[in-house]
Amino acid sequence: MGILSWIVVGLLAGWLAGMVMGTGYGLLGDIVLGIIGGLLGGYLAGVLFGVPDAVNGFNLTSVLVAAVGAVILIAISRMLRRG
């Protein structure tokens with residue numbers, strides 16, 4: 001997957017995660033959150049469900065997996081901030 005695809009998937013995933021969790025980190029923050037969420041979501045999908053390449057291009061599955069990973073990241077960051 002090319003860098004432009006990662007950015008677009010990251011943007012969509014970060015935006016979706018922000019909408020689900022009721023927060024937004026701005027355009028750049030949402031992109032970074034979505035890209036890292038894609039890595040986390042892809043890893044978790046591989047470990048939990050045996051899907052070897054869950055984030056493999058610009059498609060609905062990739063965006064949803066990345067969004068779930070981003071939601072997990074937001075939840076972890078909120079838990080750490082609360083102490």
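Student: In what order do the elements of the chain run from the N terminus on?

Tutor: This is a predicted model, where local features need pLDDT of at least 70, side-chain atom pairs count only at pLDDT 80 or more, and totals for chains, interfaces and linings use all residues. Residues are numbered from 1 along each chain as its sequence is written, and side-chain values use heavy atoms, without hydrogens and water. Helices (H or I, at least four residues) and strands (E, at least two) are DSSP runs, numbered from the N terminus. The chain has 3 helices and 0 strands, and the order is α-α-α.

Student: What radius of gyration does the chain have, against the value for a compact globule?

Tutor: The radius is taken over C-alpha atoms, and the globule rule is 2.2 Å times the number of residues to the power 0.38. For 83 residues that gives a value near 12 Å, so the chain agrees with a compact globule at 12 Å.

Student: Is Val8 buried, partly exposed or exposed?

Tutor: Val8 sits in helix H1 (residues 3–21). Buried means under 20% relative accessible area, exposed over 50%, partly exposed in between (1.4 Å probe, protein chains only). Val8 has 31% relative accessibility, so Val8 counts as partly exposed.

Student: What share of the 83 residues counts as buried?

Tutor: The same cut-off applies here: under 20% relative accessible area. For the chain, the buried share is 31%.

Student: Among contacts between residues at least 6 apart in sequence, what share joins residues at least 24 apart?

Tutor: A contact means heavy atoms within 4.5 Å. Of the contacts between residues at least 6 apart in the chain, the share joining residues at least 24 apart is 73%.
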